[in-house]
Number of protein chains: 2
Amino acid sequence: MRFREADATDWPKIWPFWHRIVAEGETYMLPDVGPDEAARYWMLPPPAKVYVLEEDGRVLASALLKPNQPAGGDHVANASFMVDPDQAGRGLGRRLAECVLTAAGEAGYLAMQFNAVVETNTHAVRLWKSLGFEVLATVPDAFRHPRHGLVGAHIMRRAL
Amino acid sequence: MRFREADATDWPKIWPFWHRIVAEGETYMLPDVGPDEAARYWMLPPPAKVYVLEEDGRVLASALLKPNQPAGGDHVANASFMVDPDQAGRGLGRRLAECVLTAAGEAGYLAMQFNAVVETNTHAVRLWKSLGFEVLATVPDAFRHPRHGLVGAHIMRRAL
């Protein structure tokens, strides 16, 4: 299995599971749009970087690493992670996150911040906590969950 | 004095003080770029709305109101405010904020959230608290202040 930076030619391999996760609507505050518009949310130009986990030519997961804010805030990273649901249970989320945390540190970021981890996404919350992230605050009613209604969103952070 | 929605023709009147505030670099995590690129940060298309406070044909202040997140998070508003420093002391920030809070409620937003209020910007922090915002968390070292070095940034929120 290989962790590497993605380029534009990877998007058609990322899009199917990216879309499946976004369309489900339970974890990400991203619009359920077509592949071209979706690429504008994920395949961002530098200083953002897009990564993939690849196995036998198949893209299993992807991550987006970017400054959480521009200018005087660009020493804090933000990252998003999408793992193909068909690959669940293999620990790919943790593996990808560990690679991206290392890459973020090497890129000179001093911390990583997540702005909206849906609190019902307990799998992700547990993963981030195990990787050293702490919940700075939980914004009440920040997300309209398709099954649970209004739920909170955690703001999480760790130093790098 | 008039509070109204802005259109593209207002940008040349907003830009001089917008640029002065951003170039100072003490309050906003926005890049100090030229007017055309800066317009892409401020004059956003719907669902964002841009407002101005105008007096005798002169634009004194401007605000940007937009969803803090897309999709399942777009019931929470985010707003940014720029008041011409030459107009300081007239209470225009408060006046503009009150108008924008009303507009946000009328637009159907359920809450307003600020993601990064620089903690050394005590004038703004005091204003937001007096308008009912609370500090959910202070992200440590989130902003490189040109005089103070790394300082924290408050995440603030109020219901509408």
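Reader: What makes strand β4 (residues 76–83) of chain A a partner of β5(A)?

Author: Strands pair if DSSP finds at least two bridges between them, and 2 bridges join β4(A) to β5(A), so the two strands, which run parallel, count as paired. A:Ala77 stands opposite A:Met112 in β5(A). A strand here is a DSSP run of E with at least two residues, and a helix is a run of H or I with at least four, each numbered from the N terminus. The model is predicted: local features need pLDDT of at least 70, and side-chain atom pairs count only at pLDDT 80 or more, while totals for chains, interfaces and linings use all residues. Residues are numbered from 1 along each chain as its sequence is written, chains are lettered from A and ligands numbered from 1 in the order in which they are written, and side-chain values use heavy atoms, leaving out hydrogens and water.

Reader: Which strand is joined to β5(A) by 6 bridges?

Author: That is strand β7 (residues 149–159) of chain A, which runs antiparallel to β5(A). Its residue A:Arg158 is the bridge partner of A:Met112.

Reader: Why is strand β5 (residues 111–118) of chain A called largely enclosed?

Author: Buried means under 20% relative accessible area (1.4 Å probe, protein chains only), with exposed over 50% and partly exposed in between. In β5(A), 6 of the 8 residues are buried, so the rest of the structure largely encloses this strand.
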